[in-house]
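Dear colleague,

Please find below the structure that I am handing over to you. My notes on what was found in it follow directly after.

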Amino acid sequence: MRTRKPFTWVITYGGHNGHLTNPEPLLAGVQAAPPHLLHIGHDTPLPNSFGPFEVRDSTLVRLTPEQALKRTAAIGEMLGRFREAGVKVIIPYICNQTIAGDPERRLGMWEFYDHWEEYAEMGIGPRPGADPTQWLARERNGRPHFNYEMRHEGFLRMGILRWAPCCNNPYYKEWQRAVVSQIGRVGYDGVFVDNCNLNCYCEHCQRKF
């Protein structure tokens, strides 16, 4: 009977700032027993939910383009340390059913959209041709669909709303391509995409149906 070493898959999340601000505890564990695949949290150049922001004291703070590039470089350096410790494959997490912000106050994803061109150096391409309000999944009556009811603790994130975009929307797909492209360029081997569900009656979904 042939035997082989087990395929080890370690999943670890460190909040919205992930392990980037303090990778040492995770690095120590990796050095002691390197997994084949390390699946870490939200340490991506452009967090999928709201773009070039960091969470500081439970508040979203938009990074300057220079800070966003510095964050990207820091992620690459962190991944290099994990690989030196023996990890073969590293992937981050994204959720394709969440954008966070406030279209009225232009916060979160909407604030990023208004400043999109400032981040051209990151290679994210031109600004999508429709406001993020037009990326959202829809109910039959045309109103935005929410995956979380308003009373659910996941509905509010840092004082801003958690919206459900439509993965068939061409403008949201442009954003997703930009996110994943950055993930590949910074040195990840792939990406874990969560919440691949869809409840939508928007024009794009109806056309595909």
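**Aromatic rings**

Ring pairs join F112, W116, Y119 and W175 into a cluster. Please bear in mind throughout that this is a predicted model. Over the whole structure, the search returns 11 aromatic pairs. One of the pairs is formed by F112 and W116: the ring centres are 4.8 Å apart and the planes meet at 25°, so the pair counts as stacked, because the limit for stacking is an angle under 30 degrees. F112 is buried, its relative accessible area being 0%, and W116 is likewise buried, at 1%.

An aromatic ring also takes part in a contact with a charge. The charged end of R127 is placed over the ring of Y113, at 4.9 Å from the ring centre.

**The surface patch and the strands**

F7, W9, I11 and Y13 make up a nonpolar patch on the surface, and together they have about 450 Å² of accessible area. Of these residues, I11 belongs to strand β1, which covers residues 9–12.

W9, a member of the patch, has a further contact: its side chain meets the side chain of H39 in a polar contact of 3.3 Å. H39 is part of strand β2, residues 37–40. With a relative accessible area of 1%, H39 is buried.

**Salt bridges**

The structure contains 10 salt bridges. In one of them, the side chains of E24 and R81 come together with an N to O distance of 3.0 Å. This pair links distant parts of the chain, since E24 is in helix α1 (residues 24–32) and R81 is in helix α2 (residues 65–84), 57 residues apart. E24 is partly exposed, with 39% relative accessible area, and R81 is partly exposed as well, with 35%.

A second example is the salt bridge of D131 with R106, in which the closest N and O atoms are 2.7 Å apart. This pair, too, links distant parts of the chain: D131 lies in the loop between α3 (109–114) and β9 (156–157), while R106 lies in the loop between β7 (99–102) and β8 (107–108), 25 residues apart. R106 is partly exposed, at 26% relative accessibility.

The salt bridge between R207 and E203 has its closest N and O atoms 3.3 Å apart. Here both residues are in helix α5 (residues 203–208), and their separation of 4 residues is about one turn of the helix. R207 and E203 are both exposed.

Salt bridges also form a network, which links R62, E111 and E118.

**Helix α4**

K173 is located in helix α4, which spans residues 170–186. K173 is partly exposed, with a relative accessible area of 32%. The C-alpha atom of K173 is 9.3 Å from that of P128, and the two residues are 45 residues apart along the chain.

**Points to look at in the viewer**

- the stacked rings of F112 and W116;
- the charged end of R127 over the ring of Y113;
- the polar contact between the side chains of H39 and W9;
- the network of salt bridges that links R62, E111 and E118.

With kind regards

Definitions and conventions. Residues are numbered from 1 along each chain as its sequence is written. This is a predicted model: local features need pLDDT of at least 70, side-chain atom pairs count only at pLDDT 80 or more; totals for chains, interfaces and linings use all residues. Side-chain values use heavy atoms; hydrogens and water are left out. Rings of Phe, Tyr and Trp (its six-membered ring) pair if their centres lie within 6.5 Å; planes under 30 degrees apart count as stacked, over 60 as edge-to-face and the rest as tilted. Buried means under 20% relative accessible area, exposed over 50%, partly exposed in between (1.4 Å probe, protein chains only). A charge sits over a ring if NZ of Lys or CZ of Arg is within 6 Å of the ring centre and within 35 degrees of the ring normal. Patches are made of residues with over 30% relative accessible area and no salt bridge: like charges are joined within 9 Å, nonpolar side chains (Val, Leu, Ile, Met, Phe, Trp, Tyr) within 5 Å. Accessible areas come from the Shrake-Rupley method with a 1.4 Å probe; for residues, only the protein chains shown count as cover. A salt bridge is a side-chain nitrogen of Lys or Arg within 4 Å of a carboxyl oxygen of Asp or Glu. Helices (H or I, at least four residues) and strands (E, at least two) are DSSP runs, numbered from the N terminus. A polar contact is a pair of N or O atoms within 3.5 Å; within protein, one must be able to donate a hydrogen and the other to accept it, and residues adjacent in sequence count only if both atoms are side-chain atoms.
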